[in-house]
Amino acid sequence: MKYSLIIILLFLAVNVHAQVMQTKAQWATIKVPQLKCWECEQKLNQYLVREKGPNTDAGILQWKMDLRNGILKIQFLPDRITADYIRVAIANAGFDADTVLAEPDSYKTLPPPCKKAADGKGYGTFKYCELDPADRPKN
């Protein structure tokens with residue numbers, strides 16, 4: 001009798017835990033104006049991989065970057081992380097994220113192409129900055 005009761009309770013506990021973890025993943029679109037070149041993409045990718053953690057423990061599943069428009073689409077689990085937290089994490093990496101401004105000390109460590117044009121840095125669209133240097137036109 002004791003063993004059957006323990007087995008039933010164990011089964012219920014596992015079943016309840018499985019139901020809690022089954023929230024549907026969501027996509028968020030975040031405007032990152034400095035995301036214009038391959039260097040910015042690499043820098044933000046490195047940060048997001050660290051933020052994601054092993055086995056998506058933090059709740060970030062995947063992301064896609066649109067360098068032409070400076071947009072990051074990110075898929076996350078809302079029971080583990082929020083879109084606002086992701087914006088703050090991107091700001092901590094040194095990039096502006098929607099209305100959240102970049103953390104100044106992290107911004108200073110960004111490569112020159114990833115900085116704002118207002119600071120006298122960054123590339124214009126005419127520089128083919130969305131392409132890797134090996135893929136850029138030679139003329």
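**Exercise 1.** Which residues of helix α3 (residues 83–92) are buried?

*Solution.* Start with the ground rules. This is a predicted model, in which local features need pLDDT of at least 70, side-chain atom pairs count only at pLDDT 80 or more, and totals for chains, interfaces and linings use all residues. Residues are numbered from 1 along each chain as its sequence is written, and side-chain values use heavy atoms, leaving out hydrogens and water.

Next, the terms: helices (H or I, at least four residues) and strands (E, at least two) are DSSP runs, numbered from the N terminus. Buried means under 20% relative accessible area, exposed over 50%, and partly exposed in between (1.4 Å probe, protein chains only).

With these in hand, the buried residues of α3 are Ala83, Ile86, Arg87, Ala89, Ile90 and Ala91. Their cover includes β1 (26–31), α2 (38–52), β2 (60–66) and β3 (71–76), where contact means heavy atoms within 4.5 Å.

**Exercise 2.** Work out the strand order of the open sheet and find its edges.

*Solution.* First, the three strands run in the order β1-β3-β2, with antiparallel pairing; two strands pair if DSSP finds at least two bridges between them. Then look at the ends: β1 and β2 each have a single partner strand, so one side of each lacks a neighbour in the sheet.

Finally, zoom in on β2 and β3, which pair over six bridges. Aspartate 66, for instance, has isoleucine 71 in β3 as its bridge partner.

**Exercise 3.** Is aspartate 98 buried or partly exposed?

*Solution.* Locate aspartate 98 in the loop between α3 and α4 (104–108). Its phi is near 55°, positive in a residue other than glycine. At 33% relative accessibility, aspartate 98 is partly exposed.
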